[in-house]
Amino acid sequence: MGTPTGTRPHASADRPGATARPDAPGSGGGAPPRVALVGVHGFGTHHLRNLERLQSAGAVELVAVADPQPPAPGSVPPSAAVYPGLDELLAATQGLDVVIVATPIQTHAPLALTALATGADLYLEKPPVASLADFNRLCDAAAESGRGVQIGFQSLGSHALQAIEDLLAAGTIGTLQGISATGRWVRDRAYYKRSRWAGKRSIGGVDVVDGVATNPLAHAVATALRIAGARTIGDVASVETELYRANDIESDDTSVIRIRTASGLPITCALTICAAESVEPCVTLQGSAGTAVFHYTEDRLTVITKSGTSEVTYRRDDLTENLLAHRANGVPLISPLLDSGAFMLVLEAVRTAPLPAAIDAAHVRWEGDGEAAHAVVLGIEDALERAGRQHATFSELGLPWATSAPYALSLPAS
C-alpha cells in the first residue's frame with residue numbers, strides 16, 4: 001500500500017512519565033522493596049527479566065519465587081529462594097513488600113487473596129480473576145488491607161493514551177461517535193495443548209474463561225474501555241457477546257463483544273485467533289471529523305483527518321515501576337484493581353454466555369501440519385472490519401456461519 005497523502009514522517013514522542021525510574025525508586029535511600037514472584041513460566045518469564053533489570057538498578061530485591069514447575073536453570077538470580085508454591089514461600093519468607101502473581105487464570109483469586117493477607121502490595125496479571133464474584137471479593141480484601149493492587153494491562157501504561165485524551169479535548173477528530181477494537185492473531189493446535197487450562201471455560205467446576213477476549217486479546221478490550229472512559233462497573237450500561245469457535249475447544253476463539261458506556265458511547269471488539277496471518281491489533285476512534293488508530297502493542301498512534309495523516313510512537317511506563325512509585329511516593333496506579341471493573345463485566349458476559357457456537361467446517365480452512373496447524377475462518381478479516389465499523393455482531397452482518405444471536409449480560413444492581 002502506498003503512503004497516504006499528507007502523511008508526515010514517522011515520529012517518536014517522549015512525554016514525561018508518571019513513574020519513578022529504576023535508579024530513583026523513591027525509597028528515600030533505604031533498602032529496596034523486597035519482591036516475590038509467583039509463576040516463573042509463560043508471562044512470568046517477562047517478569048523475571050524485568051525484575052532482573054530493576055534489581056540491577058537497585059530498585060528492588062527479588063528474594064523468592066514460587067512455581068510448581070521448577071524454573072529453567074539460570075533464569076532466577078542465585079540470591080532468590082525457590083519454592084513450589086506461595087504457601088511454602090510465605091512460610092519461609094518474612095517482610096515482603098510486593099508480590100507479583102503471573103499464574104493461570106483460575107489461580108488468580110486464591111493467590112491474590114493470600115498475598116494481600118500478608119500486607120504486601122500486589123501486582124496481578126490479567127485478567128484479574130475469572131468471575132465477577134471473585135472480583136468483588138478481591139476488591140473487598142484490597143480495601144481492607146489498604147494495599148495497592150496493580151492489574152497487568154501493560155498497554156495502559158502507554159503515553160499515547162494521554163495524547164488521545166488531548167486530541168479528543170482539542171476536537172481534532174471531531175465528536176467521538178464510537179470505538180472499535182480489532183484483533184487478528186494466529187494460534188495453532190499446540191497453543192491449546194501448552195497447559196491443561198488453555199481453551200477451557202472451567203476445570204472441575206472452577207471458572208477459567210480462557211477466551212479470545214479475556215486472555216490473548218484482552219488488552220484490546222481493556223484499552224478500548226480505558227479510552228472510552230469506562231473504568232468501573234458503573235461506567236458500563238450494557239454488554240453483549242456473540243461467541244464462536246473454529247478449534248475443538250470449550251472457549252471462544254472468534255467473537256464480537258459490543259459494549260455501551262453509561263454515556264451512550266458504543267464500543268465493539270471484533271476479535272479472532274483464527275486469522276490467515278497475525279497483524280498488530282488496534283483500537284480505532286471513530287470521530288465526526290476524522291479517525292485515530294492506536295496500535296497498542298507498538299504504542300503507535302495514527303491520526304487521519306481532512307488535513308492529512310500523522311503518526312507518532314510513544315513511550316510506555318512500566319507497571320512494576322509504577323507500583324513501586326505508588327508505594328514510595330503515592331503516585332497513582334496506572335491500572336488499579338477498581339478500574340478493571342468495566343473489563344470484568346465483559347469477562348462476566350463471556351463466562352455466563354451460552355457455549356460458543358462451532359463454526360461449520362465448510363467455512364474453516366486449516367493451514368500447516370500437525371501441532372503447527374491452525375484454523376482460518378474464511379473471510380474473517382473483512383468480517384472483523386465490518387463488525388467494528390458498523391458496531392454489528394457476526395449474525396447481524398448475515399455471515400453464513402454465524403448461527404448465534406447476541407447475548408446480553410444482566411448487569412448487577414447498582
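Figure 1. Strands (E, at least two residues) and helices (H or I, at least four) are DSSP runs, numbered from the N terminus. A word on the ground rules: residues are numbered from 1 along each chain as its sequence is written, and side-chain values use heavy atoms, with hydrogens and water left out. Because the model is predicted, local features need pLDDT of at least 70 and side-chain atom pairs count only at pLDDT 80 or more, whereas totals for chains, interfaces and linings use all residues.

Figure 2. Two strands pair if DSSP finds at least two bridges between them. Strand E8 (residues 176–184) runs antiparallel to E14 and is joined to it by six bridges. Look for Leu-285 in E14, the bridge partner of Ile-179. Strand E15 (residues 290–295) also pairs with E14 in the antiparallel sense, over five bridges. Here Gln-286 stands opposite Thr-291 in E15, and a hairpin joins E14 to E15 through two residues.

**Figure 3. Strands E16 and E17 form a hairpin.** Two residues lie between E16 and E17 in this hairpin. Strand E16 (residues 300–305) pairs with E17 in the antiparallel sense over six bridges, and Val-303 stands opposite Ser-310 in E17. Strand E17 (residues 308–313) is mostly covered, with five of its six residues buried.

**Figure 4. Strands E6 and E7 run parallel.** Four bridges join E6 to E7, and Leu-122 stands opposite Val-149 in E7. From strand E7 (residues 149–152), Val-149 and Ile-151 point one way and Gln-150 and Gly-152 the other way, and all are buried. Follow the chain to the loop between E6 and helix H4 (132–145) to find Pro-127. The peptide bond from Lys-126 to Pro-127 is cis, with omega near -15°.

Figure 5. Most residues other than glycine have a negative phi, and most peptide bonds are trans. Asp-299 is not a glycine, yet its phi is positive, at about 55°. Asp-299 sits in the loop between E15 and E16 and is buried, with a relative accessible area of 9%. His-391, also not a glycine, has a positive phi of about 55°. His-391 is found in the loop between helix H9 (380–390) and strand E21 (407–408), and is buried, with a relative accessible area of 17%.

**Figure 6. The largest pocket has a volume of about 1,400 Å³.** Of the 48 residues that line this pocket, the closest to its centre are His-41, Gly-42, Phe-43, Ala-102 and Thr-103. Among the elements giving two or more residues to the lining are helix H1 (44–56) and helix H7 (319–329). At least three lining residues come from each of domain 1 (34–154) and domain 2 (159–315 + 338–409), with bounds from an automatic or database domain assignment. By class, the lining has 19 nonpolar, 20 polar and nine charged residues. Nonpolar covers Ala, Val, Leu, Ile, Met, Phe, Trp, Tyr, Cys and Pro; charged covers Asp, Glu, Lys and Arg; the others, Gly among them, are polar. On a 1 Å grid over the protein atoms alone, a pocket is an open set of points with protein on both sides within 12 Å along at least five of seven lines, a cavity is a set where a 1.4 Å probe fits but cannot get out, and lining residues have an atom within 4 Å of a point. Points are joined across faces, edges and corners, and a volume is the space filled by probe spheres set on them.

**Figure 7. The largest cavity holds about 90 Å³ of space.** The residues lining this cavity include Phe-153, Arg-226 and Phe-343. Helix H6 (218–227) and helix H8 (341–352) each give two or more residues to the lining, and H6 gives the most, with three.

Terms used
Buried < 20%, exposed > 50% of the residue type's maximum accessible area, 1.4 Å probe, protein only.
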